[in-house]
Amino acid sequence: MGSAWTWLLERCAEVIGATDGAAGSAGSARRRLQLFLVLSLVVTASVLLRGVWGARGLLPAIALFALSVQAARAVLDARAAVWRAAALDLEDPAQRPGERADSWFSPPTARVLRALADVIDAARRERYAIALERLPHVDRAALRPDEVRLLDAARALLSLGLGDPSRAAQQAIVALPTGIDAIDARLGRVVLADAWKSPARLEAIDRAWRSELQGGVTSEALERLLSLSRLRLVPHALEALRPADARDLSAEAWSIGEEELAAALESRARGGVYR
């Protein structure tokens, strides 16, 4: 497939707004306006040609419009596949990325998103060889910010699965929150476990997560883990916990290997007092 053809597909998807283009979000509106003006000139030329060639003069404009719709659809379908791969339960038939679209009508961004969906699906299923094989096909520059977070989260899951929890924690810090509770919970626990012995690091993580959540991102998993980290930073806060909350946090404490805190939380859940 020639580079000129792929360039045309990408521009067609961009003018409809399915991609942000090489200029990124800051310059995408201006770039789309420029592309729209170019396409308008093509349409105007087709109308003028109609007077010379009849209905055949409209064919270039019709073909370009159809190509734009097809290119945009390929990107939107691929983007939806990414979020299904990340958010749906692994038992859900719709979770797995479907067959790849016809490459002749898929812009580069659509192919990048399809690769990202494959990486996320494989990482969640612990099929690390497949994830590593598809990872080089994911161009970070073609992704939107929330998709970059998912890419970093998938890389963290890979590191965790390959036996490097410290590296996984470092990668997860920049990925969280993704807004996907199952991913946020798994990686958030890795981050807390890695930083638990360092109050300074834990406090920095606490601030960063709270800032993200106050900015409008929703993550019940991180909210629970923030409550747990608060018990490390402010130990006497345990005494104010409701028994139901203590029970929930006890499970989180067990998950990061803090057995003493987990036992204290269980005691609080049964009406005991943390000593």
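The following legends describe close-up views of a predicted model.

**Figure 1. Overall build of the predicted chain.** The chain holds 12 helices and 0 strands, and its elements run α-α-α-α-α-α-α-α-α-α-α-α from the N terminus on. Of its 275 residues, 42% count as buried. Among contacts in the chain with a separation of 6 or more, 61% join residues 24 or more positions apart.

**Figure 2. Confidence along the chain, with residues 22-26 in view.** The mean pLDDT of the chain is 83, and 76% of its residues reach 70 or more. Over residues 22-26, pLDDT stays under 50. For this stretch the model has 3 contacts beyond four places in sequence. Where pLDDT is low, the predicted coordinates should not be read in detail.

**Figure 3. The nonpolar core around Trp209.** The largest nonpolar core contains 61 residues, of which Trp209, Leu228, Leu231 and Leu265 touch the most other members. Helix α4 gives the most to this core, with 10 residues. In soluble globular proteins, nonpolar side chains tend to be buried together. When residues up to four places away in sequence are not counted, Trp209 touches Leu176, Gly188, Val191, Leu192, Leu222, Leu225 and Leu226.

Figure 4. The model has 1 cavity of 30 Å³ or more, and the space in the largest cavity is about 40 Å³. Rolling a probe the size of a water molecule over the atoms shows where empty space is left. The lining of the largest cavity consists of Ile120, Arg124, Leu150, Ala153, Ala154, Leu157 and Ile183. By class, this lining has 6 nonpolar, no polar and 1 charged residues. Helices α4 (108-124) and α6 (145-161) each supply at least two residues of the lining, and α6 gives the most, with 4 residues.

**Figure 5. Ala154 on helix α6.** Ala154 lies in helix α6 and is one of the residues that line the largest cavity. Its relative accessible area is 2%, so Ala154 counts as buried, under the 20% limit. Beyond four places in sequence, Ala154 touches Val119, Ile120 and Ala123. Of these contacts, Ile120 also belongs to the lining of the largest cavity. Ala172 stands 18 residues from Ala154 in sequence, and the two are 8.9 Å apart in space, C-alpha to C-alpha.

**Figure 6. Ala123 on helix α4.** Ala123 is placed in helix α4. With a relative accessible area of 1%, Ala123 is buried. Leaving aside neighbours within four places in sequence, Ala123 is in contact with Tyr128, Ala131, Ala154 and Leu157. Of these contacts, Ala154 and Leu157 are also among the residues that line the largest cavity. The C-alpha atoms of Ala123 and Ala153 are separated by 9.4 Å, although these residues are 30 apart along the chain.

**Figure 7. Glu126 in the loop between α4 and α5.** Glu126 is found in the loop between α4 and α5 (128-134). Its phi is near 60°, a positive value in a residue other than glycine. Most residues other than glycine have a negative phi, and most peptide bonds are trans. Between Glu126 and Leu160, 34 residues apart in sequence, the C-alpha to C-alpha separation in space is 9.9 Å.

**Figure 8. Leu160 on helix α6.** Leu160 lies in helix α6. At 23% relative accessibility, Leu160 counts as partly exposed, whereas Ala154 of that helix is buried at 2%. Residues up to four places away in sequence aside, Leu160 touches Pro165, Ala168, Arg186 and Val190.

Figure 9. The peptide bond from Leu176 to Pro177 is cis, with omega near -5°. Pro177 lies in the loop between α7 (165-175) and α8 (181-195).

Definitions and conventions:
Residues are numbered from 1 along each chain as its sequence is written. This is a predicted model: local features need pLDDT of at least 70, side-chain atom pairs count only at pLDDT 80 or more; totals for chains, interfaces and linings use all residues. Side-chain values use heavy atoms; hydrogens and water are left out. On a 1 Å grid over the protein atoms alone, a cavity is a set of points where a 1.4 Å probe fits but cannot get out, and a pocket is an open set with protein on both sides within 12 Å along at least five of seven lines; lining residues have an atom within 4 Å of a point. Grid points are joined across faces, edges and corners, and a volume is the space filled by probe spheres set on the points. Ala, Val, Leu, Ile, Met, Phe, Trp, Tyr, Cys and Pro count as nonpolar, Asp, Glu, Lys and Arg as charged, and the others, Gly among them, as polar. pLDDT is the predictor's confidence in each residue, from 0 to 100. Contact means heavy atoms within 4.5 Å. A nonpolar core is a set of buried Ala, Val, Leu, Ile, Met, Phe, Trp, Tyr and Cys residues joined through side-chain atoms within 4.5 Å. Buried means under 20% relative accessible area, exposed over 50%, partly exposed in between (1.4 Å probe, protein chains only).
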